[in-house]
Amino acid sequence: MRALLVYNPNATTTNPAVTDVIARALSAELKLEVAPTKRRDHASYLAAGAADEGMDVVVALGGDGTVNEVIQGLACTETALAIVPGGSTNVWARTLGLPNDAIEATSRLLNHLGEHRMRRVNLGTANGRYFCFSAGYGYDAAVVAAVERRHRLKKTVRQASFLWSGVTAYAGGYDRRRADITVSVPGEEALGGCKAAVCCNSSPYTFLGPWPAQLCPTAHLEDDLAVTALTKLSLPSLLRLAHAALRGGDVAGLSATRLWGSLASVEFTNPTPLPLQLDGDYVGEETVVELRSVPRGLTVVA
């Protein structure tokens, strides 16, 4: 089996020694090539090249951002994605049932490859870019942008950096007055006046340590997209949302939320540009976000 190991040298929880151990373990079972990422979106280029060459699998060693880049090159091809978690949160790897430890995940991965355990799962797109598990528009994207500006803090305290950035974004980093988001679902009357919106391709939306946050509780890898919109962005409403999401996902009963499920498409619009994040990576500001479900868009080893 031919494979390419794409790794991010700057991933939060990996280092050269760990990468070397993983590469040697994979090389014992696979015809392996190894390539580090050198710049943003380099992993997409490497993955697309592997798919074009007919490689069987691309192994992504890194966090959710690395995985997101790799799927840009693998979506709708016959080359499979395998994940070895190396980031601070590793949402999609954990959603697929992989251990959060890179060495343990490598062992599990080799077992799955030996048993040919692969599955075809859905993806989403936002303005044409693929995402694995979430696309956030507004507040949560502002939090992600704040985390990326504090890379050293993220490297040091990991997931606690999101809590700190959430506080700073609410306190002044995100202008809530600019948010007047309209959520447009085919066949329904558009809902305006929203303050933030999240589209999920799977659940959970994220993890806080060992606890999954179920922000779009009906989302599933074999289903179309799910959306949760916030009609109010006050501190009490955010705290109630976080509490409900971490206590099993009963967010539908909150007065400041509106939920949709099994959507083939949905559109977010705002009068002025708002930040957008995909799989925990800030991708810029947009006035229109067109979201589409891509059924069976990716083969994953899991």
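**Reading local features in a predicted model**

Author: Pro 204 lies in the loop between strand 10 (196-200) and strand 11 (206-208). The model to which this residue belongs is predicted.

Reader: Which phi does Cys 76 have, and where is Cys 76 found?

Author: Again, a negative phi is what most residues other than glycine have. Cys 76 is not a glycine, yet its phi is positive, at about 65 degrees. The loop between helix 3 and strand 4 (80-85) holds Cys 76. With a relative accessible area of 49%, Cys 76 is partly exposed.

Reader: Is Arg 296 buried or exposed?

Author: Arg 296 counts as exposed, because its relative accessibility is 56% and the cut-off for exposed is over 50%. Arg 296 is likewise not a glycine and has a positive phi, of about 50 degrees. Its place is in strand 16 (residues 281-301).

Reader: How many disulfides does a search of the whole structure find?

Author: The test is a distance: two cysteine sulfur atoms must lie within 2.5 Å to form a disulfide. A search of the whole structure finds zero disulfides. For Cys 132, the nearest cysteine sulfur is that of Cys 200, 12 Å away. Cys 132 is buried, its relative accessible area being 1%.

Reader: At what angle do the axes of helix 2 and helix 3 cross?

Author: Two packed helices are described by the angle between their axes and the distance between the axes. The axes of helix 2 (residues 42-52) and helix 3 (residues 64-74) cross at roughly 35 degrees and come within 7 Å. The crossing is right-handed. Among the residues making the contact are His 42, Ala 47 and Ala 51 of helix 2, together with Thr 66, Val 70 and Leu 74 of helix 3. By class, six residues of this contact are nonpolar, five are polar and one is charged.

Reader: Which elements do the buried residues of helix 2 pack against?

Author: They pack against strand 1 (2-7), strand 2 (31-36), strand 3 (57-62) and helix 3. The buried residues of helix 2 include Ser 44, Leu 46 and Ala 50. After helix 2 comes Gly 54, with a positive phi near 80 degrees.

Reader: How many aromatic pairs does a search of the whole structure find?

Author: The search finds one aromatic pair. An aromatic pair is read from the distance between ring centres and the angle between ring planes, and planes under 30 degrees apart count as stacked. Tyr 137 and Phe 268 form a stacked pair, with 6.1 Å centre to centre and 15 degrees between the planes. The partners belong to distant parts of the chain, 131 residues apart: Tyr 137 is in strand 7 (residues 134-137) and Phe 268 in strand 15 (residues 265-278). Tyr 137 is buried, at a relative accessible area of 0%, and Phe 268 counts as buried at 1% relative accessibility.

Note on methods. Residues numbered from 1 in each chain as written. Predicted model: local features only at pLDDT ≥ 70, side-chain atom pairs only at ≥ 80, totals over all residues. Heavy atoms only, no water. Buried < 20%, exposed > 50% of the residue type's maximum accessible area, 1.4 Å probe, protein only. Axes fitted to C-alpha atoms, helices over the stretch in contact; angles between N-to-C directions. Helix = DSSP H or I, 4+ residues; strand = E, 2+ residues; numbered from the N terminus. Left-handed = near helix turned anticlockwise from the far one by under 90°. Contact = heavy atoms within 4.5 Å. Nonpolar A, V, L, I, M, F, W, Y, C, P; charged D, E, K, R; others polar. Phe/Tyr/Trp six-rings, centres within 6.5 Å; stacked < 30°, edge-to-face > 60°.
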